[in-house]
Amino acid sequence: MWYRACKTCNKKMTDALGGGYWCEGCQKNDAECSLRYIMVVKVSDGSGEGWVSSFNEEAEKIIGCSADELDLLKSQMGEENSYQLKLKEATWTPHLFRVSVSQNEYNNEKRQRITVRATAPVDFAAESKFLLEEISKMRASQ
């Protein structure tokens, strides 16, 4: 769900031989790193469902906390598993997504890659007003 990232360039870090982490992008060792989300989630609406990729900023809006905070919850053991509770809170929560779709070919098989570009909570009042306006336009054109 997340990867270790360099605090300078956000590229993936690997474990260094002498301890700490190695950033290939910056070509340096560092004692600390940050965690960044790289999630694939299943989304659905009235027209169907699909798998979308969501990266750090947008994934934080979906989960409701940073990857560092979620990792801390995962490491805490107790009666209530707050890590599982945090993930359950994010399940079946409505969001508005702006996505980009690209076509890729892998092993002569065409695939769609859907990436979340923006996430916002659903404003039900604004959505209802928009739908009522669209219905009024349709009635006026008949």
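H95 is found in strand β7, where helices (H or I, at least four residues) and strands (E, at least two) are DSSP runs numbered from the N terminus. The model is a predicted one, in which local features need pLDDT of at least 70 and side-chain atom pairs count only at pLDDT 80 or more, while totals for chains, interfaces and linings use all residues. Residues are numbered from 1 along each chain as its sequence is written, and side-chain values use heavy atoms, with hydrogens and water left out.

Not counting residues up to four places away in sequence, H95 touches K61, I62, T119, A120 and V122; contact here means heavy atoms within 4.5 Å. H95 and K42 are 53 residues apart in sequence, and their C-alpha atoms are 12 Å apart in space.

One of the residues that H95 touches is T119, whose place is in strand β8. T119 has a relative accessible area of 9% and is therefore buried. Buried means under 20% relative accessible area, exposed means over 50%, and partly exposed lies in between (1.4 Å probe, protein chains only). Leaving aside neighbours within four places in sequence, T119 is in contact with E58, K61, I62, H95, L96 and F97.

Strand β7 also holds V99. At 39% relative accessibility, V99 counts as partly exposed. V99 touches I114, T115, V116 and R117, again without residues up to four places away in sequence. The C-alpha atoms of V99 and T115 are 5.4 Å apart in space, although the two residues are 16 apart in sequence.

V99 also belongs to a nonpolar surface patch of about 230 Å², made together with F97 and V101. Patches are made of residues with over 30% relative accessible area and no salt bridge; like charges are joined within 9 Å and nonpolar side chains (Val, Leu, Ile, Met, Phe, Trp, Tyr) within 5 Å. The accessible areas come from the Shrake-Rupley method with a 1.4 Å probe, and for residues only the protein chains shown count as cover.

A pair of aromatic rings is described by the distance of the centres and the angle of the planes. Rings of Phe, Tyr and Trp (its six-membered ring) pair if their centres lie within 6.5 Å; planes under 30 degrees apart count as stacked, over 60 as edge-to-face and the rest as tilted. The structure holds 1 aromatic pair. W2 and Y37 form this edge-to-face pair, with 6.5 Å from centre to centre and 65° between the planes. Distant parts of the chain are linked by the pair, since W2 is in strand β1 (residues 2-5) and Y37, 35 residues apart from it, is in strand β5. Y37 counts as buried because its relative accessibility is 1%.

Charged side chains come next. Side chains of opposite charge can pair when their charged atoms come close. A salt bridge is a side-chain nitrogen of Lys or Arg within 4 Å of a carboxyl oxygen of Asp or Glu, and the whole structure has 8 of them.

One of these joins D15 and R4, at 3.7 Å from N to O. The pair links distant parts of the chain, with D15 in strand β2 (residues 13-15) and R4 in strand β1, 11 residues apart. D15 is exposed, with a relative accessible area of 56%, whereas R4 is partly exposed at 36%.

Another salt bridge is formed by E109 and R111, whose closest N and O atoms are 3.7 Å apart. E109 is partly exposed at 42% relative accessibility, and R111 is partly exposed with 41%.

K137 and E134 also meet in a salt bridge, at 3.5 Å from N to O. Both residues lie in helix α4 (residues 124-141), 3 residues apart, about one turn of the helix. Is K137 exposed or buried? K137 is exposed, with a relative accessible area of 55%, while E134 is partly exposed at 29%.
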